[in-house]
Amino acid sequence: MDALNTQWIWLIALAPLMGSIIVALFGKKTLKENSAYPIILGVGTSMVMSWWVLKTVLTAISHSQGGHGLEPAVIEGFQWINIGGLQANIQASIDPLSAVMLATVTTVSFFVMIYSKGYMKDDPGFWRFFAYLGMFVFSMVVLILADNFALIFFGWEAVGVCSYLLIGYYFDKPSAAAANKKAFILNRIGDFGFIMGILLIIANFGTVNFVDVFERYAEWASLAENTTAKHLIALCLFTGACGKSAQLPLYLWLPDAMEGPSPVSALIHAATMVTAGVYMTVRCGVIFTSSDVAMHVVAIVGACTALFAATMGMAQTDVKRIWAYSTVSQLGYMFMAVGVGDAVFGIFHLYTHAFFKALLFLSAGSVMHAMHHHIDLKEIGGLRKDLPITTWTCFIGALALAGFPFLAGYWSKDGILASALNHPTLQWVGWIGVLTAVMTAYYTFRCFFLTFFGPRKVPADAHHIHESKWMMVPLLALSVGALFAGWAAGSGDGHGGKLGHFLHESASIQAYTHYSDDLHHGHEHAFSHSAVAIGSSILAIVGIIVAFVVYRNGHGTGAKFAKMLGPIHKGAFNKWYIDEFFLCILVKPLYKLGRICFGSDNYVINFILWIVCAVPRSIGFLLSILSQTGGMQSYAMQILLGITVITFLVLTKTVSLFVVGILAIGIIIAVVLDRITN
Amino acid sequence: MVDYTYYIILGAILFCLGLIGFVSRRNMILMFLCTELMLQGVAVTLVGFNRHWIILGKGLDGQAFVVFLLVVAAAEAALAMSLVLLLQRYKPTLDVDQFSEMRG
């Protein structure tokens with residue numbers, strides 16, 4: 001790990017930022033359609049460096065004894081905040097967890113950048129788009145590298161800003177403007193929780209450094225008087241994670257975030273940024289495992305979100321929205337894994353999900369590019385002849401998402417289900433996961449069959465149906481990822497294979513391992529890992545077959561099926577009216593409150609102020625009639641009188657009301673006399 | 001040596017005469033002359049103060065000041081007279097009361 005103690009590590013974050021700055025400064029006038037290259041170069045540098053970091057960490061682990069956790073490599077930066085006793089530095093630390101995250105994020109980012117070069121061709125804001133993307137990769141890398149809460153919060157907010165800017169990229173579209181506002185506001189609710197958690201940590205520990213806090217945390221949390229505080233800290237941090245990672249009840253922004261360009265949906269709202277919540281939860285392993293209440297909440301919220309989002313995903317007709325609900329659902333799986341104490345599979349699923357969900361979104365983007373920005377399943381269909389490569393890449397992505405045996409999603413999802421089903425108290429969470437797995441397979445292939453099979457439907461304004469070269473390369477590369485990313489696990493031994501052993505060297509993950517070991521102490525495993533694997537494979541295939549039977553020939557059978565379900569379908573189609581519910585209980589009352597505030601401000605306060613103002617205003621009006629005659633000599637008189645008064649006051653140094661009064665009367669008489677004589 | 005108080009009294013008398021003339025006269029040229037009178041009153045005061053200044057062992061700042069003042073007054077007089085001429089062309093009168101268009 002000594003090889004990592006070098007300032008060059010900062011290049012992982014700074015290379016995309018440099019690209020972003022160059023594009024922001026010179027993009028509009030000089031670089032124009034070449035704006036993509038600095039960013040691709042910058043993110044490429046990050047990717048190569050990240051893989052080097054991963055390799056170095058791997059070597060370090062193979063040389064160490066193992067079992068006791070690896071000392072994280074700390075890259076010293078400089079002092080950032082120094083208030084009172086609180087210190088926060090710009091400082092990075094690398095352990096196996098951050099190494100895996102770095103490699104995943106930069107790799108997916110790199111392919112999305114290449115894809116964007118083709119997808120955003122001819123867009124007037126080409127350079128702006130790439131400048132934002134570069135900034136996003138910088139922020140995300142800072143979030144991952146951070147070794148204290150202040151810096152992680154900086155990265156957390158910075159990715160939020162980039163997400164906001166990119167959702168509203170087509171800012172002239174009202175729906176996009178509304179969507180980015182929604183994302184921003186819902187994230188504020190989450191961030192409020194996060195910052196409360198951080199403040200509680202500062203209040204109790206006086207430091208924000210991960211190492212200092214985590215080392216003292218377990219001991220501190222075991223004291224009886226800190227019981228409430230430890231639950232509160234964990235729940236506050238989880239609120240932040242809920243906002244960023246779109247969990248119940250703050251998930252509402254993610255489906256709307258699909259208003260942004262497709263590469264953004266793939267990168268930010270599927271593969272990387274939304275997983276920041278999961279990363280943070282895993283990073284704060286000690287904090288979460290110390291509070292059994294928080295762990296139960298994480299698992300239950302995760303499972304409920306997974307199921308709930310899956311039901312909505314089953315009835316949507318907008319392809320990107322289906323993948324958005326799927327993302328919410330898969331993030332729910334990750335939280336479920338963390339909540340039942342199996343963070344390895346949470347991170348493992350994060351890593352495989354990044355590949356296949358990015359692939360699915362980019363495939364959807366490819367369809368959208370060919371269909372002239374039409375992506376609704378009512379308008380398109382039967383495209384397998386027109387878009388052959390996209391059909392295959394989407395097929396691979398869909399299989400991986402459905403958990404088809406030996407593809408990326410299969411390995412990680414099985415692990416999560418096995419851990420949840422073997423949990424001594426939360427077994428029902430596992431059963432929700434199993435149910436969701438069938439639904440996932442079903443809605444994934446519903447979407448796939450409706451897009452590429454059945455009667456050919458092409459919108460009238462899509463003239464030039466083609467697949468762009470720049471877009472096909474990343475699609476194929478990510479397909480390889482979706483096919484083989486799961487092999488990193490090596491074998492399905494129930495511990496995440498090679499990746500599992502690798503992650504276990506991280507102190508944060510070890511906290512979860514200890515929790516899990518304590519939990520299962522004296523409990524028999526109800527389900528063996530291979531049984532779960534076989535069972536869930538069968539369920540995935542059943543889901544795929546059902547989708548095939550219903551949607552092979554377009555909407556016909558599906559519509560009948562939907563009619564049969566009646567209100568259930570209607571509810572799922574309308575997203576269970578959650579948006580409308582919040583509109584009624586929150587938005588409209590707030591709007592009314594706003595009207596009341598506006599009314600009181602406009603009519604009551606302004607009226608009082610008007611009366612207060614009326615006094616000096618009427619005095620001024622009278623004086624202006626009397627004194628502003630336009631005659632030069634009357635002005636001279638007034639100046640003279642003014643000077644006399646001031647001189648008098650200066651000389652006597654006493655402000656006698658009597659004198660001032662006489663002088664004022666004198667002035668007025670003089671002015672009036674002057675006026676009359678004129 | 002004459003005490004500087006007399007200079008200041010002379011300056012004050014000149015200033016007051018100018019002031020009274022400025023306020024009471026209606027002819028613009030006369031009013032302008034009155035402002036010059038006020039200016040000269042100030043100049044005399046400055047010279048007077050400078051005498052005191054010299055007694056205290058300081059320089060000739062006040063007197064130098066007055067030289068500048070006279071130069072500036074000459075330039076300003078040229079400007080003011082041309083303005084008066086322009087006004088006279090605008091309205092064939094020099095009565096200042098006829099020019100009250102700029103009342104508030």
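Two residues are said to be in contact here if their C-beta atoms, placed from the backbone, lie within 7 Å. With that in hand, a word on what you are looking at. This is a predicted model, in which local features need pLDDT of at least 70 and side-chain atom pairs count only at pLDDT 80 or more, while totals for chains, interfaces and linings use all residues. Residues are numbered from 1 along each chain as its sequence is written, and chains are lettered from A and ligands numbered from 1 in the order in which they are written.

Let us start where the chains meet. Eleven residues of chain A are in contact with ten residues of chain B. On the chain A side, helix α26 (residues 632-652) gives the largest share, five residues. Helices (H or I, at least four residues) and strands (E, at least two) are DSSP runs, numbered from the N terminus. By type, this side of chain A has four nonpolar residues, seven polar ones and no charged ones; Ala, Val, Leu, Ile, Met, Phe, Trp, Tyr, Cys and Pro count as nonpolar, Asp, Glu, Lys and Arg as charged, and the others, Gly among them, as polar.

Now step back to chain A as a whole. Its C-alpha atoms fill a box of roughly 110 × 65 × 50 Å along the principal axes, and the chain holds 27 helices and two strands. Of its 678 residues, 50% count as buried. A residue is buried if 20 or more other C-beta atoms lie within 10 Å of its own, exposed if 12 or fewer, and partly exposed in between, with C-beta atoms placed from the backbone. Among the contacts in chain A with a separation of 6 or more, 80% join residues 24 or more positions apart.

Chain A has a mean pLDDT of 86, with 95% of its residues at 70 or more. Confidence in chain A is highest in helix α11 (residues 276-283), at 93, and lowest in helix α27 (residues 657-677), at a mean of 67.

Next, follow helix α15 (residues 343-370) of chain A. The expected span of a helix is 1.5 Å times one less than its number of residues. For the 28 residues of α15(A) that should give 40 Å, and the end C-alpha atoms are 40 Å apart, which agrees. Even so, α15(A) has a kink of about 30°, centred on A:His353; the bend at a residue is the angle between axes fitted to the seven residues ending there and the seven starting there. The helix is mostly covered, with 27 of its 28 residues buried.

Most residues other than glycine have a negative phi, and most peptide bonds are trans. After α15(A) comes A:His372, with a positive phi near 60°. A:His373 has a positive phi too, near 65°, and lies in the loop between α15 and α16 (388-402) of chain A. A:His373 counts as exposed because it has 12 C-beta neighbours inside 10 Å.

Another loop, between α8 and α9 of chain A, holds A:Ala246, whose phi is positive, near 55°. A:Ala246 is buried, since 30 other C-beta atoms lie within 10 Å. A:Pro249 is placed in the loop between α8 and α9 (253-256) as well, and the peptide bond from A:Leu248 to A:Pro249 is cis, with omega near -5°.

Key
pLDDT = per-residue confidence, 0-100.
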